[in-house]
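User: I have a structure to read and have not seen it before. Can you take me through it in short answers?

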Amino acid sequence: MSELKKVLRACPLLGGLPDPGFAEAEDLARWRSFHAGEGIYDKGSMQSSLCVIAEGTVRISSVNAEGREATLIIFGPGAWFGDTVFSPGTPRVYGATAHDAARIAELPGEGFRKLLARYPQAYPVALDLLSRRLWSAMSIIADDALRGIEARVGRRLLFLAQIQGHGDARDRPVTFRLTREHIGNMMGMTRQGVHRVIKNFEREGLLKLDYGRITVTNPRALQAYLTDLPD
């Protein structure tokens, strides 16, 4: 099996395709490589494509007129991005940037949509994953409106751990390249405010902090800790 096909088969969004569908997806896809900090696409751009991360991480964010960046999420290997592939003609709400050196497999939007039309059995899987992303987005909005700072930061870290770990909270550690500044940017908080919260998580044994990286030592334990916090 080629490396490209392995990457495509590891993408949850394509999980409903039969073998002939994966062969066609491989024919459609192309490799793209990016240096750390290099833009993949800009907010407001109209191109439509589905991107699957093979190596590295990708930051999804928006930049205002003053150049201030607001980060939504950071995706790792196996994750997919480019939701406008389902809404051709719609401008991208966020931009994508290589958080560190990244290599992605890119499928053109029109080709991907035709692929789903030929293999409609893939639609339930795609719709389920889109629904999960919508649920996650709504949960983040609710957290920001209703929960305290510790719960907000912890739940965002748990969400990132689940994304990087490709599933629900588990027992094994999950590490991602993230700084206090990145977390503050995501949460609309100062670095100092974030520092106080994550140091408390570290004392509880829930996080391990290294230079430029954070490890959620046990996502299931973090989830249990957050469940016990007051709203």
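Analyst: One definition before the helices: axes are lines fitted to C-alpha atoms, for helices over the stretch in contact, and angles run from 0 to 180 degrees between N-to-C directions. Also, this is a predicted model.

User: OK. At what angle do the axes of α2 and α3 cross?

Analyst: Helix α2 covers residues 19–28, and its axis crosses that of α3 at roughly 170 degrees. The two axes come within 11 Å.

User: So are α2 and α3 roughly parallel or antiparallel?

Analyst: Roughly antiparallel, because angles over 145 degrees count as that. That is the label for α2 and α3.

User: Which residues make the contact?

Analyst: From α2 they are G21, E24, A25 and L28, and from α3 they are G111, F112, L115 and R118. By class, the contact of α2 with α3 has four nonpolar, two polar and two charged residues.

User: What about α6 and α7, what angle do they pack at?

Analyst: About 110 degrees, with the axes 9 Å apart. Helix α6 is residues 180–187. The two helices are therefore roughly perpendicular to each other.

User: And which residues touch there?

Analyst: On the α6 side, R180, E181, I183 and G184; on the α7 side, R191, V194, H195, I198 and K199. This contact of α6 with α7 has three nonpolar, two polar and four charged residues.

User: New topic. How many aromatic pairs are there in the whole structure?

Analyst: A search of the whole structure finds three. One of them is F86 with F112, whose ring centres are 5.8 Å apart and whose planes are at 80 degrees, so the pair is edge-to-face.

User: Where do F86 and F112 lie?

Analyst: F86 is in the loop between β6 (80–81) and β7 (95–98), while F112 is in helix α3 (residues 109–118). The pair therefore ties together parts that are 26 residues apart in sequence.

User: F86 and F112: buried or exposed?

Analyst: F86 is partly exposed, with a relative accessible area of 26%. F112 is buried, with a relative accessible area of 1%.

User: And the rings of F201 and Y225, how are they placed?

Analyst: Their centres are 5.9 Å apart and the planes are at 85 degrees, so this pair is edge-to-face.

User: What sits over the ring of Y41?

Analyst: The charged end of R92, 3.7 Å from the ring centre. In another such case, R133 lies over the face of W80, at 3.6 Å from the ring centre.

User: Back to R92. Which residues does G44 contact?

Analyst: Leaving aside neighbours within four places in sequence, G44 is in contact with P91 and R92. G44 is found in the loop between β2 (39–41) and β3 (49–55). With a relative accessible area of 38%, G44 is partly exposed.

User: And what does T84 touch?

Analyst: Not counting residues up to four places away in sequence, T84 touches Q47, S48, T90, P91 and R92. T84 lies in the loop between β6 and β7, and T84 is buried, with a relative accessible area of 13%.

User: Where is L207 found?

Analyst: In strand β10, residues 207–210. L207 is buried, with a relative accessible area of 3%.

User: Last one: where is Q162?

Analyst: In helix α5, residues 149–165. Q162 is partly exposed, with a relative accessible area of 22%. The C-alpha atoms of Q162 and N185 are separated by 20 Å, and the two residues are 23 residues apart along the chain.

Terms used: Residues are numbered from 1 along each chain as its sequence is written. This is a predicted model: local features need pLDDT of at least 70, side-chain atom pairs count only at pLDDT 80 or more; totals for chains, interfaces and linings use all residues. Side-chain values use heavy atoms; hydrogens and water are left out. Rings of Phe, Tyr and Trp (its six-membered ring) pair if their centres lie within 6.5 Å; planes under 30 degrees apart count as stacked, over 60 as edge-to-face and the rest as tilted. Helices (H or I, at least four residues) and strands (E, at least two) are DSSP runs, numbered from the N terminus. Buried means under 20% relative accessible area, exposed over 50%, partly exposed in between (1.4 Å probe, protein chains only). A charge sits over a ring if NZ of Lys or CZ of Arg is within 6 Å of the ring centre and within 35 degrees of the ring normal. Angles under 35 degrees count as roughly parallel, over 145 as roughly antiparallel, 65 to 115 as roughly perpendicular and the rest as oblique. Contact means heavy atoms within 4.5 Å. Ala, Val, Leu, Ile, Met, Phe, Trp, Tyr, Cys and Pro count as nonpolar, Asp, Glu, Lys and Arg as charged, and the others, Gly among them, as polar.
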